[in-house]
Amino acid sequence: MAAGKAFGNSEPDASPYADEGPYGTPVATYKTAGMTRRGKVAIAVAGVALIGGGTIWFQVHSAAVAKEEKEAAALQVQMKKLELEEMKIRNDMAAADVKAATASAAKIQAAVDKCVKDSSGLVGKGYGSPSRGEVVADCKQQYETADGSGMAVAGGARDTGGAGGGGVNSATLLGLVAGGGLALAVFARKGRKADA
């Protein structure tokens, strides 16, 4: 043992000539931390595959989204066309209803005008004769439809006689005539009994 060396777990000195080669002591080479060439190639291939696959997926996804957007736009256009056709049908039906109502109102107005013209001889002829307004109201009531539609135009005709409405209406006139006839019948019967 060499002098000055500690006893214990120390390793014995290696022979100074043990690791020497023919060219002297070899230089210690350490492996550097990092990847091997094969690992770098594998990472590069995986990166290219990932980027390529992502690009292809993005293109496919973009194409699918664009296709769906086109289909949605086409569907919206088709729905707008259907709405326009429905509005056109409704407008045509409304126009036909208005035309029918106008024709009906014109017929009713013509009938009311004829009735007023025919009954105008009764206006102002004496006690209990109807006024022009009452004649017009009676004619309108006579030609009124069941649901009252079509009378808006016919109802537009106003009493332009200006004679005032202080007369007796037709219901009162009918009551007076019926009452008078009944009174005559009662008196005539009593008169026959008295003669017999």
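Accessible areas here come from the Shrake-Rupley method with a 1.4 Å probe, and for residues only the protein chains shown count as cover. By that method the chain exposes about 16,500 Å², with carbon and sulfur atoms supplying 62% of it.

This is a predicted model: local features need pLDDT of at least 70, side-chain atom pairs count only at pLDDT 80 or more, and totals for chains, interfaces and linings use all residues. Residues are numbered from 1 along each chain as its sequence is written, and side-chain values use heavy atoms, with hydrogens and water left out.

The chain has 4 helices and 0 strands; both are DSSP runs numbered from the N terminus, helices being H or I of at least four residues and strands E of at least two. Of its 196 residues, 11% are buried, meaning under 20% relative accessible area, with exposed over 50% and partly exposed in between (1.4 Å probe, protein chains only).

Now the core. The largest nonpolar core has 7 residues, among them Ile-108, Val-112 and Cys-139; such a core is a set of buried Ala, Val, Leu, Ile, Met, Phe, Trp, Tyr and Cys residues joined through side-chain atoms within 4.5 Å. Helices H1 (37–119) and H2 (132–142) each give two or more residues to this core, and the largest share, 4 residues, is from H1.

Last, charges. The whole structure holds 1 salt bridge, that is, a side-chain nitrogen of Lys or Arg within 4 Å of a carboxyl oxygen of Asp or Glu. Arg-90 pairs with Glu-86 at 2.8 Å, N to O. Both sit in H1, 4 residues apart, about one turn of the helix. Arg-90 is exposed at 54% relative accessibility, while Glu-86 is partly exposed at 39%.
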